[in-house]
Amino acid sequence: MNWEKGIVMRFHSNTVSIMNTKTKKREECVLRGKFKKQKIRPIVGDYVEYTLNEQEEYGKIENILPRKNNLYRPKIANVDQAILVTTLKNPFVDALIVDKFLIQVEKMGIDCAIVVNKVDLLQTSEEKELLQLFLDTYSPLYTTLPVSSVTGENIDKLKIIFKDKISTMAGMSGVGKSSLLNSINTGLKLRVGEISDKLKRGKHTTTYTELLHFDFGGFIADTPGFSNLELRGFNKDEIRDYFIEFLEFSPYCGFSDCSHTVEPYCMIKEKYEMGEIASSRYEDYVFIYEELKKRGDKR
Ligand code: GDP
């Protein structure tokens, strides 16, 4: 029997929906009994090998291929990237929130692209400067794209970011995650009401995550990732590793375990003072460090 390769799209009560990686055909499969004995069970995003038998209604999942990564919220494997959506007006999302999202993404070790939506609303020179400052801060670190789902600005570029990847979307409620999905893809149109409902329910959702397939290639999880704005389970001493622009300078700090806050001979502080590290990034780092320190002290 031929072993086919597919990706797990969603779970039903007794079956698993798989999309064949080559033909894109959807197949309903069941798990082989051996998965009950082994502790490993497939999750959404898993690449699996399965067999089809004409006499049987369902295919059989034979094997789970090694995972590249394994996200907990939403529970999904093999995520290629997080698309962080933010806005500077209606609502104004503080950079501190962006940085807290980025910390979570960096801890998971997945790539990230930042999408600044609703740039059509930024009309005054102050608002335009705000956008420029945001781009100056983040574009040296991450792919950063100003877009508007209303005017269609850069939506073609957003599509390229999504293409052929498994993505999870993150961002505060109201920044336009569902509108962006609406504007990039006709293949998902029918489902957009549902997606936006799920995206809005955010972390309170109890339904299982499902992968949706873009007709131009690629997948997106239908529940938002990283919705937790409190950095639970984080230690103050680990977050310096997640500010990726620190990494090139921190080996030159006077102390090898420098926290970049109060120590002398700190290279990060020096680069911040020289304007080589963006002030909001450094200041957010110190703020988050102190926040985690206080929380740790209370325990
Ligand atoms: P979500 O909660 O992140 O899914 O946000 P929605 O997609 O529901 O959008 C929230 C509101 O922002 C809606 O009223 C949208 O019409 C509006 N909106 C979304 N994108 C844009 C945009 O690019 N420009 C403007 N002006 N409004 C937008």
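Guide: Before we start, helices here are DSSP runs (H or I) of at least four residues, numbered from the N terminus. Keep in mind too that this is a predicted model.

Visitor: Fine. Which helix gives the most to the shell around the ligand?

Guide: That's helix 5, residues 177-184, which contributes three residues. The shell holds 16 residues, and the nearest are Asp120, Ser149, Gly174, Ser178 and Ser179.

Visitor: How many nonpolar, polar and charged residues does the shell have?

Guide: Sorted by class, you get eight polar, four charged and four nonpolar residues.

Visitor: Which side chain has an N or O atom 2.9 Å from an oxygen atom of the ligand?

Guide: Lys118 does; for polar contacts like this one, the cut-off is 3.5 Å between N or O atoms. Ser149 also uses its side chain, with a polar atom 2.7 Å from a ligand nitrogen. With Val175, look at the backbone instead: a polar atom there sits 3.4 Å from an oxygen of the ligand. As for cover, the ligand on its own has 580 Å² of accessible area, and the protein covers 73% of that.

Visitor: Let's go back to helix 5. At what angle do helix 4 and helix 5 pack?

Guide: In general, a packed pair of helices is described by the angle between the axes and the distance between them. Here, helix 4 (residues 155-162) packs against helix 5 at about 95°, and the axes are 10 Å apart. An angle of 65 to 115 degrees counts as roughly perpendicular, so that's how helix 4 and helix 5 are placed relative to each other.

Visitor: Which residues in helix 4 and helix 5 meet?

Guide: Helix 4 brings Ile155, Leu158, Lys159 and Phe162, while helix 5 brings Leu180, Leu181, Ser183 and Ile184. By class, that contact has six nonpolar residues, one polar and one charged.

Visitor: Now the backbone. Where is the cis peptide bond?

Guide: Between Asn90 and Pro91, with omega at about 5°. Pro91 belongs to the loop that runs between strand 8 (81-87) and helix 2 (95-108).

Methods:
Residues numbered from 1 in each chain as written. Predicted model: local features only at pLDDT ≥ 70, side-chain atom pairs only at ≥ 80, totals over all residues. Heavy atoms only, no water. Near = heavy atom within 4 Å. Polar contact = N/O pair within 3.5 Å; in protein donor to acceptor, adjacent residues only side chain to side chain. Areas by Shrake-Rupley, 256 points an atom, 1.4 Å probe, with all protein chains shown as cover. Helix = DSSP H or I, 4+ residues; strand = E, 2+ residues; numbered from the N terminus. Nonpolar A, V, L, I, M, F, W, Y, C, P; charged D, E, K, R; others polar. Axes fitted to C-alpha atoms, helices over the stretch in contact; angles between N-to-C directions. Parallel < 35°, antiparallel > 145°, perpendicular 65-115°, else oblique. Contact = heavy atoms within 4.5 Å.
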